[in-house]
Amino acid sequence: MFPFSVLADSGNATNNSFNKAKKMLEKQVYMSALERKTIYCEAQFDTKKKVTAPAGFQTDKYKKRAKKIEWEHVVPAENFGRTFDEWRQGNALCVNSKGNSFKGRRCAEKVNGEYQLMQADMYNLFPAIGAVNASRSNYNFVMLTEQKSSFGSCAMKIAAKKAEPPQSARGQIARTYLYMASVYPRYKMSKQQYRLMSVWHRQYPVSDWECLRAERIALLQGNLNQVLIKSCSEAGYSI
């Protein structure tokens, strides 16, 4: 049972630091060797973020970033970030040491508290091999039926600025999209993306680990993920 300080039907309202969110995930959520697996390729990683890539994993780009995990925004930061004026237009406070104005993620992160909270929401952050995170970029998820894997044995497909994740990741991805849309009114999925996420949500049920992860995040961040509360309860997992 959660303490009364844990809030339902709200997004992150306690931590505005992306760096702090990553450290909490590393130390207080992904705590055991069995839990430390990346979302897309199920690659093992250690407490120093060093990746042991699965046999047959290949990448033609970002090879240095393939050696460590990075924390991936499953719902890309740009997808909600571009709804902020600071991202699109900049702000009077967004000026570098040379007097040049800047905008985009850097500006939104610097001056907008609401953006900071959304960016640091741990329900939307998952470990990924750095090269996969970089290649996925901010691309929307679709089905790329005719496309071969972009990473050898890891069935992550990326083509034409679109991405198709492996089946093992689809349920978690879908429920993350549904959560973000439910607690942050400024984030809205396209009808096509909503339909796909709804299908994946039904096709790929929650696991015990997905529910345990949500329980740990709720206690650290202070808000419940109602999408997972319902799904875990229906599957017979405690949360």
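Helix H7 passes helix H8 in a left-handed crossing, a term used when the near helix is turned anticlockwise from the far one by less than a right angle. The model is predicted, so local features need pLDDT of at least 70 and side-chain atom pairs count only at pLDDT 80 or more, while totals for chains, interfaces and linings use all residues. Residues are numbered from 1 along each chain as its sequence is written, and side-chain values use heavy atoms, with hydrogens and water left out.

**Helices H7 and H8**

- The axes of H7 (residues 167-183) and H8 (residues 191-203) come within 8 Å and cross at roughly 130°, where helices are DSSP runs (H or I, at least four residues) and strands likewise (E, at least two), numbered from the N terminus.
- That angle makes H7 oblique to H8, since angles under 35 degrees count as roughly parallel, over 145 as roughly antiparallel, 65 to 115 as roughly perpendicular and the rest as oblique.
- Arg170, Gly171, Ile173, Ala174, Arg175, Tyr177 and Leu178 of H7 meet Gln193, Tyr194, Met197, Trp200 and His201 of H8, contact being heavy atoms within 4.5 Å.

**Helix H1**

- Phe18, Ala21, Met24, Leu25 and Val29 are buried in H1 (residues 18-29), where buried means under 20% relative accessible area, exposed over 50% and partly exposed in between, with a 1.4 Å probe and protein chains only.
- The partners against which the buried residues of H1 pack include strand S3 (69-73), helix H4 (105-111) and helix H9 (208-221).

**Helix H10**

- In H10 (residues 226-235), the buried residues are Val227, Leu228, Ser231 and Cys232.
- They cover an arc of only 110° around the axis, which puts them on the same side of H10, whereas Lys230, Ser233 and Glu234 are exposed on the other side.
- H7, H8 and H9 are among the elements that cover the buried residues of H10.

**Positive phi in loops**

- Most residues other than glycine have a negative phi.
- Ser137, with a positive phi near 55°, is found in the loop between helix H6 (130-136) and strand S5 (140-141), and counts as partly exposed at 36% relative accessibility.
- Ala160, with a positive phi of about 50°, is found in the loop between strand S6 (157-159) and strand S7 (162-164), and counts as exposed at 73% relative accessibility.

Methods:
Axes are lines fitted to C-alpha atoms, for helices over the stretch in contact, and angles run from 0 to 180 degrees between N-to-C directions. The arc is that of the directions from the helix axis to the C-beta atoms.
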